[in-house]
Amino acid sequence: MAKPKIASDWLAGCSGCHMSLLDMDERIIKIAELADLRATPITDLKEPDESGVDVGILEGGINNSYNVEVAERMRERSKIVVALGDCAVFGGVPAMRNFFDLDEVMRRGYVETESTDSEGKVPDDPELAKMTRVRAVHEVVRVDVSVPGCPPDADVIFYVLSELAQGRIPVLKDNLLHWH
Amino acid sequence: MVNITIDGKQFEVPDGISVLRAAQLGGIDIPTLCDHPQLSPYGGCRMCLVEVEGMRTMQTSCTLPVSNNMVIRTNTAAINEARKFVLTMIFSERNHFCPFCVVSGGDCELQNAAYVEGMTYWPIQPNFKPYEVDASHPYFIMDQNRCILCRRCVRACGELVGIFTLGFEERGAESRLVADLGVPMGESTCVSCGTCIQVCPTGALIDRNSAYRGLETQVDHHKTICLGCSIGCGVDVLTRDNNLIRIEGNWEAPINKGVICKVGRFMPLDQQGERIKSPLIRRDGALQPASWDEAVKTIALKMKNGNSAAIASTRLSVEALYQFKEMFHNATSMEENGIASISAKMADEAKAAFESDLSAVQTADMVLMVGADLVNNHEVAGFFIKRNLPNGVKLVTIDTEANDLSFFADTALSIKPGSFLETISGVASLVRDLKKTQDAEVDVEKTLPGFESKTGIPAQSILSVANLLQSAKRPVIIYGKGLAANADALAVLKALVDLGHVCGAVNGEKSNLVCLKGGANSLAAAQYGLDKAFASDNQQAVFVALGDDTPRQALIQQLEKASFVAVQASYVSQLTTRADVVLPVETWSETEGSYLNFAGRLQKAVRSQQMPENVKSNLDALKAIAENMGVKVDAGNWKKELVKRTAPVSVGNV
């Protein structure tokens, strides 16, 4: 049997969950033995295989139209979609902006920031993705496995990946389940 | 007792308890968020749902009383699904994002409940409506966004503390915790006891000082007693790496059962005083660092001759007070001639105990407070009284000045200064008359001629007090330091005991007369005879065992011209800057020793923090001086000596 293919991508997050993935150290070799690590933001291949992968991992919440495209593409090409980390699972830190009006957030970020000179301007190029309310991944596409944590521990990610690589659905409980 | 079956197991449990408590007794865990062992059942969170045979729907086990042959299931698929749904609804109500919450990581009961149910995501997304954060209170922050509407804080504020500051306004998702009628917490009637923070299951009420300084798993707990006053409340002192993090009430403590006041919870952490870190000796007009040996020898030399006086704080341990009284001439405590002294003199004359503890307050139907300000002193005793007022308990205050409790009194008598004796004996005469005439009309002017002009109290008011006392079945009389200010304080106290006999508060062996006295060890100080007036002429050498107490202005002035002053203290004060020799000693959290509370209960204070280098305990500092004075003290005698003088209240476990 061919090794299961795993791909990943990141959305509105801080990349910390991918850093936590790397934090599993030499155990990543074990994962590579069990599975075929394909496109990820930290490897050369950037888009999941058109022919499809077995597991697609998404880090980060969904905060604009581009994130929606990436999430939908991952859903189309993956048998199992994993939401990795609090932003993907709940919306996380980026979702704090949902408590404010979007225009207000953009003005604060691009015009009123202390480091901005008098020329501050909200980017308005039509090619830029359209900002939306921050959503958890499961609000946009179906999610099969949720792995909360900010970030999830390397141990948790190792457990999740090794279970998936061996064709099992990981069950997070006790020490493996935390949201912080 | 009734027989019930929970999850197939048979239990015999007391009648009248809830299914939740019955399950807990049987060691069966039912998750809950709004329940708290010290609070009345509320049924607000719906987490404790159970199935009961014969009942159509699931029931909240916290509000369902057990009945005989009840068959209960706590762990079916339907229940687990319902619990998950309850959690889903709670999470969707407000902002419960964990990564930026102070209690996340073990201290949040909501997060822990979600972990138990194995929730990996929120099926319904959160409500992104921002709710207000109220940071107006000096000691804590109220964040509505984290609130789960369990109302533990509201129940604690009313049922345990009796303050009723907290309440809820609006309905459904608009429900919000409010102080009073919606004023900022810092401007409300809140008395800063902090019980609401201690019972809050989430991060809605956050202690400012300890925020982000350590989770439950990272701190050390020290179960000890508060040294703030003579009640001796049990507290739990939380430290991390020898740093003071927070103080909580100890739910298991027999006296206060978890309730403490701001003096116990917050004020010790407010201490801004500059710590004294080395012995100091005055040389060429200025205090200079010195060795312990040199400082102690200097003090011993001055104190050895008879021309000396010594005064100690009642915050010192019993062991230290005993050492102190044995080694110095003219020794007394800083509560010289205070109310504890009057109470001790009364016991000397009566040759028997005549006071009791606070337990009678819990069952009293009337409380008479005489010269006792239980708002500014002994506040926890005030909570005990106030929380029972909604049950119809009558409250009468007699004092020369009003306090916050007199506002809630059925009758508050504000008498002329110096008229305690007329008032108390007047009330006693009226109660006697009322008993004689069997409730017929009593003419105040006939029984007490000229009463109103002497005391300033109208006949109608004094008669209503007498009526309340006459009809009370379980009256309790509490007297306080307001009496001590009177020249005839002992006579007033005798009149009060007489009134106790007349109205039934004192009945043979049983007495419901309470005196809360003063500082942590004021009873012990009085028992050792350290209650005499402090007298020193300017020729005398004076030793002050101040500890971490704050010196009164009167004492500072009295010692201004003394020929020699030595002080052992924790913090720099006007007294230490004036002293000739200063010894650095422990603070309350570093103290290990015994304390005798106002009701004669002997308790141990344990050390929560290690002392800085070169600082000694009060007892060790005194021992070092005694050794150099050539005085031998038999330390083992302190217990025996404690009960040598007749105590005003029965001294229990000595």
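I began with the terms: helices (H or I, at least four residues) and strands (E, at least two) are DSSP runs, numbered from the N terminus. I noted that this is a predicted model, in which local features need pLDDT of at least 70, side-chain atom pairs count only at pLDDT 80 or more, and totals for chains, interfaces and linings use all residues. Residues are numbered from 1 along each chain as its sequence is written, chains are lettered from A and ligands numbered from 1 in the order in which they are written, and side-chain values use heavy atoms, without hydrogens and water.

**Entry 1: two residues with positive phi**

I looked up Asn330(B) and placed it in the loop between helix H9 (318–327) and strand E17 (331–333) of chain B. Asn330(B) is not a glycine, yet its phi is positive, at about 45 degrees. Its relative accessibility is 44%, so I recorded Asn330(B) as partly exposed (buried is under 20% relative accessible area, exposed over 50%, partly exposed in between, with a 1.4 Å probe and protein chains only).

I then turned to Lys351(B), in the loop between helix H10 (339–350) and helix H11 (359–363) of chain B. Lys351(B), also not a glycine, has a positive phi of about 55 degrees. With 65% relative accessibility, Lys351(B) counts as exposed.

**Entry 2: Ser589(B)**

I found Ser589(B) in the loop between strand E27 (581–584) and strand E28 (593–596) of chain B. Its relative accessible area is 1%, so Ser589(B) is buried. Beyond its neighbours within four places in sequence, Ser589(B) is in contact with Arg607(B), Ser608(B) and Gln609(B) (contact means heavy atoms within 4.5 Å). The side chains of Ser589(B) and Gln609(B) are joined by a polar contact of 2.7 Å (a pair of N or O atoms within 3.5 Å; within protein, one must be able to donate a hydrogen and the other to accept it, and residues adjacent in sequence count only if both atoms are side-chain atoms).

**Entry 3: chain A**

I listed six helices and seven strands in chain A. From the N terminus on, I read their order as β-α-α-β-β-β-α-β-α-α-β-β-α. The C-alpha trace of chain A spans about 60 × 35 × 30 Å along its principal axes. Of the 180 residues of chain A, 47% count as buried. Among the contacts in chain A with a separation of 6 or more, 80% are between residues 24 or more positions apart.

The peptide bond that joins Cys150(A) and Pro151(A) is cis, with omega about -10 degrees.
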